[in-house]
Amino acid sequence: MEDFDTYLPSPPKKKKEINTNSPSKNAGGKKRKRLSVERIYTKKTQLEHILLRPDTYIGSVEPNKQNMFVYDDILEAIVNREITYVPGLFKIFDEILVNAADNKQRDPAMSTIKIEINPEKNFISVWNDGRGIPIEMHKEHQVYVPTMIFGQLLTSSNYNDDEKKVTGGRNGYGAKLCNIFSKKFSVETACLENKKRFKQVWTNNMGKAAEPVIKEFTSNKEYTCITFQPDLEKFKMETLDRDTVALLTRRAYDIAASVRGVSVILNGKKLKVKTFKDYVQLCLKGATKDKEEDDEEEKKPTVVHEVVNNRWEVCVTVSDKGFQQASFVNSIATTKGGTHVNYVTDQIVDKLMTVIKKKNKGGLAIKPFQIKSHLWVFINCLIENPAFDSQTKENMTLRAKDFGSKCELSDKFIKAVQNSGVMENVMNWMRFKEKAQLNKKCSGSKHSKIRGIPKLDDANDAGGKNSRHCTLILTEGDSAKTLAISGLSIVGRDRYGVFPLRGKLLNVREASHKQV
């Protein structure tokens, strides 16, 4: 008997394992040295990490084409057009601007913000006359407070979450990010309490700090001024171009509208925006410019405005481009909206829905998003300790119950929204949809024969090439149908069909869409 093992297949050859960490041979047969762990695994300082991965902190540093609201100095209006801009550069400017606006919450007596944008010399400055920064040595960290705030990362006065604040700053990056992405950055502040004036300059992306200069301060008006030269090379730019300046100018108008009791001066000129409604009118002026060119008698949209309380202000007008919103949380432009926009818009939609259902009984069923698509909502609010989905702060995520205040729109406001053209647009859209649905049913695909309808005796030529010559006789009841069919025995069944009706014909003049 043969050995059983002779019938077993030989075991597969074991593949040679490749050790990626071991020295390997190149094409010439020479061994290549493995990279050291020190070269593979590296550690960066926080400053180095911000410069290496800027998108984590300020958004993209690549030029981006996008439709944005910008200020058009020729039309003297805020228009929505395609521009090329760098989100990161826009963000560092915004951080300084929001810091200045925040000072109004700390010092109600603050009355002015001055902004200078100089593309020729590549510098931007933001000045405010609010309370100055304390010019004192921080006992724990042994640096002056302004140095700590603007020159050291993760320093802030907003870390106490038990304290309810309605400011824009939160994470301790803010102004430092502007310093890091600038070739030169300076802070100057004057403090009455200390009777001192402070100035310090940083260069080389916050890599080098000059010694602070401190002098006696004898004036009675405090101020803080931030001036910086953005490092354009890091933003793939050569100069502050027209699109960028138009976008930054729009943010100046945003601040003039969203910070109550503060005048904004841009490049030596006071902006003509005294109220939030003035800002909305600038946006509508830009939106209706094309219509005015086509039709000089085009009626301007009505703006419904309400100051709900000292923390909420809302404007609504009709939109013909789908749902639009412009909103500000503690002076931050939330261009992507968020929970605060949903909170206000849902109230408006719910109340309009109730009115539409009463006016359109038996008509086309309408859904909330279909009403929302006819609204353009503007919101200016102050939220306690707001939370956002990223450092760019374009979308607020804080739950409505944590806002720290309520926005309860009055019945007068809702009534005004109904009469602003929104309801008319919604009702016209519903009539259009109803008509489209009826047309679709009436102009369906043509069949050679209609089948499945009880008691229908169709003409022989119905549905064919001679169907246009055919006639359908409608009778009142089966007995009349019998009489009609007997009469067809004379003229023939090729061109005539018969169908008995049950009940009376519907007068569609007063009928609802559902009945039809």
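Reader: What is the relative accessible area of Asp-402, and how should I read such a value?

Author: A residue is called buried under 20% relative accessible area, exposed over 50%, and partly exposed in between, with a 1.4 Å probe and protein chains only as cover. Asp-402 has a relative accessible area of 29%, so this residue is partly exposed. This is a predicted model, in which local features need pLDDT of at least 70 and side-chain atom pairs count only at pLDDT 80 or more, while totals for chains, interfaces and linings use all residues. Residues are numbered from 1 along each chain as its sequence is written, and side-chain values use heavy atoms, leaving out hydrogens and water.

Reader: With which residue does Asp-402 form a salt bridge?

Author: Side chains of opposite charge can pair when their charged atoms come close. The partner of Asp-402 is Arg-399, and the closest N and O atoms of this salt bridge (a side-chain nitrogen of Lys or Arg within 4 Å of a carboxyl oxygen of Asp or Glu) are 3.4 Å apart. Arg-399 itself counts as exposed, because its relative accessibility is 52%.

Reader: How many salt bridges does the whole structure contain?

Author: A search of the whole structure finds 15 salt bridges, and one of these is formed by the side chains of Asp-129 and Lys-221, with 3.7 Å from N to O. This pair links distant parts of the chain, 92 residues apart, since Asp-129 sits in the loop between S6 and H5, whereas Lys-221 sits in the loop between S10 and strand S11 (223-230). Such labels name DSSP runs numbered from the N terminus, with helices (H or I) of at least four residues and strands (E) of at least two. Asp-129 counts as buried at 6% relative accessibility, while Lys-221, at 40%, counts as partly exposed.

Reader: Which parts of the chain does the salt bridge between Asp-461 and Arg-495 tie together?

Author: The two side chains meet at 3.1 Å, N to O. Elsewhere, salt bridges with shared partners join Asp-94, Arg-250, Arg-251 and Asp-254 into one network.

Reader: In what order do the strands of the open sheet lie?

Author: Two strands pair if DSSP finds at least two bridges between them. Here 5 strands form an open sheet of mixed pairing, in the order S14-S15-S18-S16-S17. Strand S14 (304-309) and strand S17 (332-333) stand at the edges with a single partner strand each, so one side of each has no neighbour in the sheet. Within the sheet, strand S16 (residues 324-329) and strand S18 (residues 375-381) run parallel and are joined by 6 bridges, and Val-329 stands opposite Cys-381 in S18.

Reader: Which residues form the nonpolar patch on the surface?

Author: Patches gather residues with over 30% relative accessible area and no salt bridge, joining like charges within 9 Å and nonpolar side chains (Val, Leu, Ile, Met, Phe, Trp, Tyr) within 5 Å. Leu-35, Val-37, Ile-40 and Tyr-41 make up this one, with about 410 Å² of accessible area together (by the Shrake-Rupley method with a 1.4 Å probe, only the protein chains shown counting as cover for residues). Tyr-41 lies in the loop between helix H1 (37-40) and helix H2 (46-52), and it counts as exposed because its relative accessibility is 63%.
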